[in-house]
Amino acid sequence: QVHLVDSGGDSVQVGGSLRLSCTASEYTYSSNYNCMAWFRQAPGKEREGVASIHIPTETTGYADSVKGRFTISHDNAKKTTYLQMDSLNPDDTAIYYCAADSSRVAAVCSSRFWAQSFGYWGQGTQVTVSS
């Protein structure tokens with residue numbers, strides 16, 4: 001069982017930055033939970049994928065809306081996945097959730113991301129961007 005804890009959400013001004021963290025209570029690098037991703041859901045909108053990372057290969061993927069502004073990364077020692085968010089705008093306002101699952105290869109991780117097919121989810125952290 002994997003327990004994910006999201007944190008780092010806050011209220012910021014347009015153009016500001018935030019770094020979200022997702023820490024796993026249990027993680028085995030060599031076998032499971034090596035595909036991590038961030039999703040978000042704004043009020044009245046469907047959940048959308050933001051970024052993913054296949055940890056063994058460090059292969060990343062991003063939604064077009066955040067490319068060049070957001071960066072996903074992972075620290076094995078800390079069992080933590082980060083989402084660095086720069087140049088924030090009001091459209092980034094949402095609850096952000098991290099998710100974890102297993103994938104033998106990067107392509108499977110990418111497929112999981114676009115299908116939103118993850119077995120473990122964090123509780124969410126609120127990001128609010130105001131002008």
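Predicted model: local features only at pLDDT ≥ 70, side-chain atom pairs only at ≥ 80, totals over all residues.
Residues are numbered from 1 along each chain as its sequence is written, and side-chain values use heavy atoms, with hydrogens and water left out.

So, the fold. We have 1 helix and 11 strands, counting DSSP runs: H or I of at least four residues for helices, E of at least two for strands. In sequence order that reads β-β-β-β-β-β-β-β-β-α-β-β. The radius of gyration, taken over C-alpha atoms, is 14 Å, close to the 14 Å from the globule rule for 131 residues, so the chain is as compact as a globular protein of that length. That rule is 2.2 Å times the number of residues to the power 0.38.

How much of the chain is buried? Of the 131 residues, 43%, where buried means under 20% relative accessible area, exposed over 50%, and partly exposed in between, with a 1.4 Å probe and protein chains only.

Now the aromatics. There are 6 aromatic pairs; rings of Phe, Tyr and Trp (its six-membered ring) pair if their centres lie within 6.5 Å, with planes under 30 degrees apart called stacked, over 60 edge-to-face, and the rest tilted. F113 and W114 sit edge-to-face, 4.7 Å centre to centre with 65° between the planes. F113 is buried at 1%, while W114 is exposed at 57%. F118 and W121 are also edge-to-face, at 6.3 Å and 75°. Here F118 is buried at 8% and W121 partly exposed at 27%.
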